[in-house]
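Biologist: Here is the model I would like to go through. Could we take it step by step?
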Amino acid sequence: MRAYVLSRLAQTALVVVLSLTAVFGMVRLSGDPVLLFMPMDIQAKDVNEFRQRLGFNDPLAVQYARFMGGAVRGDFGESLRYRSDALGLVLERLPATLLLGGTALGLTLVLAIPLGVVSAVHRDSPFDHAATVATVLGQATPGFWLGLMLIYLFSVQLRWLPTGGTGTLAHLVMPSVVLAAFFAARIARLTRSAVLEVLGEDYVLTARAKGLAETRVIAKHALRNSAIPIVTLAGLEAGQLLGGAVITETIFAWPGLGRLTVQALLNRDFPVVLAAVFLISVMYTLINLAVDLLYGWLDPRVRLRA
Amino acid sequence: MRGLRCLLVVPLLLALAGAPSAAAQDRVKTREIVVGLGAEPRTMLAVTIVDWTTNTQLEHIYDRLLDRDARTLKPKPMLATAWRVVNDTTWEFTLRPGVRFHNGEPFNAQSVKATIDYIKDPASKSHYAAYWRKVKEVQIVNDSTVRLVTDGPWPSLIDRASLTDALMLPPKALKELGPEKLNQKPIGTGPFRFVEWKRDERLVLERNPDYWQGPADASRVTFRFIPEFSARMAALLSGEIDIMKDVPPHALEPVERSGRAKIRSAVSSRINYLALVNLKPGPMQDLRVRRAMNHAVNVDELIALVLKGRATRICGPLSPANVDFAPVECYQHDPARAQALFKEAGLDPAKLQLTLDTPSGRDKIKNRNTGDMFFLGWGPSVFGQGVMEPLFQASQTYSSYGNNKAIDEKIARTITVVDARGRAQAYAELHQMVRDEAPWVPLWQQHDLYGVASHVEWAPRADEKVWMYDARIIAR
């Protein structure tokens, strides 16, 4: 078990290095970052002087070596746009990102799993149909539209909730609902189909034949056996949420990682882009590892093979 | 379904919106003002990064050497009380006595020298180094007198000194704490002191009770960063913010009707133009074609119909808000004349194909990768050199027009005329020359539209200085 985890962690390092290399190449090949930071009415020769000073005139290989050399020591360089430590800027956004992502994920699971299970158990009932409509709507509604509508209703009209920013629990409500609306719809649909599939299995019939209470049959036999695909999707969603929910963060002025990363990409502020890619890829691979370990806990057969 | 209903209900509710919000009323009591901006500052260190959003916030903390008159945009005293031209390459500034930085350090000739030295030091990597390149030396005459010596005649020095290009840094703190620390906790002489900067969220400032012009009316100014304009509008309408810039024309009515905010507008010094690119082969290299374009575009109609009158036409590259402006004649809308000019140039206007670029970024312009024409907004544009030098010479990054020897020479001469009358004359001639060459279809000065909460009194300015020292909180 320990060997497995260690080898997976080594893979994580490899994934991180490869993603940094790929992103370094893409960002650097997409154009000259220096002009974007300079004032518009500046002389061409001053721009060149800046380029020289920042090392952008060196061969790409030299720049790559310099970057990787720094990155190993946790130094991603100085943000071109903000003139402060790139990794610091990224880490500063992490608490807000974790808070929003965690809340949204919790809300998603709390909403979606019961919804999916009840829909599956009462298949073709009015509840099931209503749930189907709700989940389709949830997936089809664009987050920016839902966000703006919520703001107009709950902030401008009812004045119950602030339009954006952080600080109190009230600030967290709308952004996490917008995120959860989309993610919960996917999980609920998947839960419904996974549970439906399992409900037809012989061991469920056996459990019922033993005279187990229906709630026990569902919770212990049906749900646990249909958990693998749900956990897989939830893991993917968690990765997406932690990587930052750009649109939701933008609409609700949430100081998260996604907004910072996308802005940095648009501005070719590549020290920040790379620091963000580093953090996001580390989190993503760790979540994947957690999901894989969960498989083993949920399904002993997976453990044996590992 | 739920979504659909919202879509119908929201405009109705908007129409019924009434009473001021509790939060806004609290702010009237505590005398706080919240300004909603689309982005956060890029640094807290003055004279480092050229960026409107950054500087509009920084100049609450730091003062300029000179200010600009809100109406004429001409330089006027601020930290310097007077200035004079000693000779063609020496400017002397008399500094205001008794001004102190927020840390108690006195403002004096040493501060001016330290600030300009900081800008010019390559280690500072300041964007402003290029702007101040011509300053060779800062001489301290005495505590309250300082001389700037340039390596050639440079009349625009006075224009740079009356912008955020000359926000004054505290020399002692700069030396002892270093730029890094000052970036975390900025120190200036301005009307507000730094309290807190929460990245991507807000910048909080408090009133400086010892400000040399007297304390501000607002006890606290908070800048909130709300990237989405609809969310910014919602924040204004719900009373979370008091001032927002750039209300889109279609949203003016809901703001006025809300009863919580009003619209204030200013004719901006920012100019918008249609560049007729002569720097690459094509029909735009022919003066007749460029003139034909000027006769073909009906600018007045565009303003009336598309912009609903919220723009003011310009006829040349300098707007009346520019201190070096001199009137030039507009090209009249005259389709027949345009047709004739096209034919004269050997082009059949019925078959002529031109590409108009509306670049969303500026990359295409910088890479000289646009079509025959492109749109660009430029500004705040308050002095001549800042337009003529970067936009009409082939060697410049953003120019669309150039390689005209007469204009190149005229620009080189004009930007060195120090004497005020000579300068006015030179710019008037240059303006006329450029107008005749028709390098653009000059379009308009946009009208900046601000949403201002009903309990705040504040008037916007043509140079886009959003300065809360000027704001008053009025009880309702």
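Biologist: Leaving aside neighbours within four places in sequence, which residues is B:Asn278 in contact with?
Modeller: B:Asn278 is in contact (heavy atoms within 4.5 Å) with B:Met284, B:Gln285, B:Arg290, B:Ser400, B:Tyr401 and B:Gly402. Please note that this is a predicted model, in which local features need pLDDT of at least 70 and side-chain atom pairs count only at pLDDT 80 or more, while totals for chains, interfaces and linings use all residues. Residues are numbered from 1 along each chain as its sequence is written, chains are lettered from A and ligands numbered from 1 in the order in which they are written, and side-chain values use heavy atoms, with hydrogens and water left out.

Biologist: Is B:Asn278 buried or exposed?
Modeller: B:Asn278 counts as buried because its relative accessibility is 11%, buried being under 20% relative accessible area, exposed over 50% and partly exposed in between (1.4 Å probe, protein chains only).

Biologist: Turning to the interface, how many residues does each of chain B and chain A bring to the contact?
Modeller: Chain B supplies 58 residues and chain A supplies 46 residues.

Biologist: Which residues of chain B lose the most area to chain A?
Modeller: They are B:Arg42, B:Lys125 and B:Arg199, which together make up 15% of what that side buries. Buried area here is the accessible area (1.4 Å probe) that two parts lose on being put together, summed over both.

Biologist: How many salt bridges are there between chain B and chain A?
Modeller: The count is 6, each a side-chain nitrogen of Lys or Arg within 4 Å of a carboxyl oxygen of Asp or Glu. A:Arg93 pairs in this way with B:Asp200, with the closest N and O atoms 3.1 Å apart.
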